[in-house]
Amino acid sequence: MSRIEERQRLRDLSIVELQRELKEAREELFQNRVRYATRNLDNPEPLRKGRKRIARILTYIRQRELEGAA
């Protein structure tokens, strides 16, 4: 899935679904950190992508909260 498709998919999700995605992204980042620390992951790229994905999801959650308050 391309970055644009991923962002569009996240935009269309509800807050509950975004929170579920956030939980999954955090678990995946944790697993990648463990793999990197134990030298089973050679490339740190998944760590960067995981942090960016979490930040993007948090941004969409915050946007939904602000839309609801307005």
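1. **What kind of model.** Please keep in mind as you read that this is a predicted model.

2. In soluble globular proteins, nonpolar side chains tend to be buried together.

3. **Salt bridges overall.** Side chains of opposite charge can pair when their charged atoms come close. Searching the whole structure turns up six salt bridges. Some of these join into a network that links E6, R9, E21 and R53.

4. **A bridge between two helices.** Look next at E6 and R53, which form a salt bridge with their closest N and O atoms 2.2 Å apart. E6 sits in helix α1 and R53 in helix α3, so this pair ties together parts that are 47 residues apart in sequence. Is E6 buried or exposed? With a relative accessible area of 15%, E6 is buried, because the cut-off for buried is under 20%.

5. **Bridges within one helix.** Helix α3 also holds pairs of its own. R48 forms a salt bridge with E45, and their closest N and O atoms are 2.8 Å apart. These two are three residues apart in the helix, so about one helical turn separates them. R48 is partly exposed at 39% relative accessibility, and E45 is partly exposed at 29%. Further along, R62 pairs with E65 in a salt bridge, the closest N and O atoms being 3.4 Å apart. R62 and E65 are likewise three residues apart in α3, about one turn of the helix. Both partners are partly exposed: R62 has a relative accessible area of 47%, and E65 has 39%.

6. **The positive patch.** Which residues form a positive surface patch? They are R3, R7, R11, K49 and K52. The elements giving two or more residues to this patch are α1 (3-11) and α3 (45-69), and α1 gives the most, with three residues. R11 belongs to helix α1 and counts as partly exposed, at 40% relative accessibility.

Technical notes: Residues numbered from 1 in each chain as written. Predicted model: local features only at pLDDT ≥ 70, side-chain atom pairs only at ≥ 80, totals over all residues. Heavy atoms only, no water. Patch = residues over 30% accessible without salt bridge, like charges linked within 9 Å, V, L, I, M, F, W, Y side chains within 5 Å. Areas by Shrake-Rupley, 256 points an atom, 1.4 Å probe, with all protein chains shown as cover. Salt bridge = Lys/Arg side-chain N within 4 Å of Asp/Glu carboxyl O. Lys, Arg positive; Asp, Glu negative; His and termini not counted. Charge placed at Lys NZ, Arg CZ, Asp CG, Glu CD. Helix = DSSP H or I, 4+ residues; strand = E, 2+ residues; numbered from the N terminus. Buried < 20%, exposed > 50% of the residue type's maximum accessible area, 1.4 Å probe, protein only.
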